[in-house]
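User: I would like to go through this model and ask what stands behind each label. Please set each value against its cut-off.

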Amino acid sequence: MRGVCGGVTGCIERGMILNKLKSLHLSHDTCTMAEIILGPHNGLTIKGTRPRRPKTRKRDKKPEPTTQSYALAKPVSHHILELNQSNQWSVEQLPDQNYRITIHSVQDVTDFLKALHVKTNEILLPPQQPSRALAPLPYIRYHSELYAKTMARPMTGYSMAALTTIVSESVFYFMECMNGYYAVRPKTILIPWYVSLDEDDLCEHPLALAIGAYWCRHIMIHHQNNTIKDSRVLDAVQHQLSIMAREKLGECFDVPHIDHLFALCLCNMTATFSIEQKVLFHTIAVRMAMDLGVEPRHNQDNDDQVELKNRLWWYLFQIDHFLHESGAISSSMLTPSSDDHDALSKLVKPAPCSLDDAAEAAGASQWGHVLDLWIARHRLIREIHSYNSEAMMDKVNAVIQEWSARAPALPAAMLEAHMTISMEKCTNHGLLLHRFCPPPPAQSLNSLQRRAILHMVECFTNMICFRRIVLKFKPCQTFPGDLKRSIDVLSMCAKYKDPWIIDRSKFGLMQARDVLENMAELDWHDPICIVMIQDVDAVLSQQEQPRSIKIENNLYSGVMMFDRDLQPRARYYRPARTGEPLDGLTVMENVAQFSSSSSSSSS
């Protein structure tokens, strides 16, 4: 839609004017004056004709601006007077509580509308705190997102029978290795379902195929004796299983069933599907959960079926949370939403039930405890954004310690559950401390920033050490995602200009390299692990820059010009070799002897 103003044709977007100005009436007379009337109108009315644009040469000067007057007929908030801070227009309040806006040139109409658009948003939207510069931190959606560059490859050396074996072993080791972390469906339910399937039905059932696509890399790397070890084989197998799972889910997506809902969740945790496909899966899963009555618990209940639905809802919550934080969806699809931390804190988290074995009961307890930490961390992030001080850091440390004190009582034999809680504590504590860190390389750090960086380095170093302990008794629980995030943070901290921070960061990277060298993924030439080793080696091989001999660069470092480490004057300084305490000072000897010796040698 076009509006004619002062003899110049201009484009005015209908949606922008109707939304921000509510209504607009533009009248055009034979004179050069025009009026924009803001009133209770429901559309845009244009009067007048469309005159020809005057011909101008490229090098000609711009025509003298003609003054156009625009009267506002509807009372507007007094905030519009703040628009007067420009030399392109002026705002005048009339005696009848209306406003007259004078735009000095028709070229400034677009700028005025943009300024009015910004001012309207400032009035309608709540004020936001100014954003602070934070140290960059890569966001990892899922562990499997590390392998996002999966390509369609031919299934060389793998027949349908081989795929059936992979799916079968994936289901078995999924129950053995994963139910200790997320016992969404206990073994007492999965084992009868698994036994009831024939060998030919494994590649026809959507849940079995979803488990295979989600867990095939794990079993091929850690639980199979394959002669050919190549990451491209892993990509090909996972890609083929994901295609088969998507086809089977496409045949039953309109049939609400717990198995179908769980399969959709697992597909969203794999890397072979695009982010758009994951959003579609999540939308179907949320709707299917509503039809099946899958909802969180609001009070303590001993009903096992209610607890199983509660676990499935929290598993769906984690996917919704990841998709929302990564920007894939604009808002949460759950009720309560995944960012309503006050409502989430009142819900009952996953807890053990009578269907769990010992490992699953411990896993359910630590899962619910970790969810409490997630919610507390996001609450604290909002407070850190508003109050960044020593008291806020003390509060962060106090909340983490209070959460640790509320850890569930787990048997001492459940070492894996204890290590999981410790690793989650280190990770979330480090992510909170990251909010206090400036982007590197910072020329100077205050006491708060230096304290936060050192504590953050300690947290991620401890996380790496806990992961190494887990690999001693459970070599298959590698989870490269946690390791990559820790390496990225430590590499970032090594860029600060603080020697102590650099040394502590490099110590943590040395621990990470030791863990990487003992991971089975290297035998498969895993590209993610290889890149991590290269990044660690690049940081560890960096040499410190030599200190400057300029006085102005050392005045505030306590460095004297008689320092023996400074070049090139260091060759003229020699310490006295005596046992007297005062003779330990650096003295300057006769320079003439050096000059004479150098001249004779050159001759």
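User: Where does phenylalanine 479 lie?
Analyst: Phenylalanine 479 is in the loop between α14 and α15. The helix numbers count DSSP runs from the N terminus (H or I, at least four residues, for helices; E, at least two, for strands). This is a predicted model, in which local features need pLDDT of at least 70 and side-chain atom pairs pLDDT 80 or more, while totals for chains, interfaces and linings use all residues. Residues are numbered from 1 along each chain as its sequence is written, and side-chain values use heavy atoms, without hydrogens or water.

User: Why does phenylalanine 479 count as buried?
Analyst: Buried means under 20% relative accessible area, exposed means over 50%, and partly exposed is in between, with a 1.4 Å probe and protein chains only. Phenylalanine 479 has 17%, so it counts as buried.

User: Why is histidine 525 called partly exposed?
Analyst: Histidine 525 has a relative accessible area of 48%, and therefore it is partly exposed. Its place is in the loop between α16 and α17.

User: What is the phi of each of these two residues?
Analyst: Phenylalanine 479 has a positive phi of about 50°, and histidine 525 has one near 55°. Neither is a glycine. Most residues other than glycine have a negative phi, and most peptide bonds are trans.

User: Which residues does the cis peptide bond with omega near -5° at proline 441 join?
Analyst: That bond runs from proline 440 to proline 441. Proline 441 is in the loop between α13 (415-433) and α14 (447-473). Another cis bond joins threonine 335 and proline 336, with omega of about -5°. Proline 336 is in the loop between α9 and α10 (341-345).

User: Why are α15 and α16 called roughly antiparallel?
Analyst: Axes are lines fitted to C-alpha atoms, for helices over the stretch in contact, and angles between N-to-C directions run from 0 to 180 degrees. Under 35 degrees is roughly parallel, over 145 roughly antiparallel, 65 to 115 roughly perpendicular, and the rest oblique. The axes of α15 (residues 480-493) and α16 (residues 499-517) come within 8 Å and cross at roughly 155°. The two helices are therefore roughly antiparallel.

User: What is the handedness of the crossing of α15 and α16?
Analyst: This crossing is left-handed. A crossing has that label if the near helix is turned anticlockwise from the far one by less than a right angle, and is right-handed if clockwise.

User: Why are α16 and α17 called roughly antiparallel?
Analyst: The axes of α16 and α17 (residues 527-540) come within 10 Å and cross at roughly 150°. The pair is therefore roughly antiparallel, and its crossing is left-handed. The contact includes Lys506 and Arg513 of α16 and Asp537 of α17.

User: What makes leucine 380 a buried residue?
Analyst: Its relative accessibility is 4%, so leucine 380 counts as buried. Leucine 380 is in helix α11, and beyond its neighbours within four places in sequence its contacts include Met392, Val396 and Leu432.

User: How many residues does the largest nonpolar core have?
Analyst: The largest such core has 69 residues, and those with the most contacts inside it are Leu241, Leu266, Trp314 and Tyr315. Its largest share, 12 residues, comes from α5. A nonpolar core is a set of buried Ala, Val, Leu, Ile, Met, Phe, Trp, Tyr and Cys residues joined through side-chain atoms within 4.5 Å.

Technical notes
Contact = heavy atoms within 4.5 Å.
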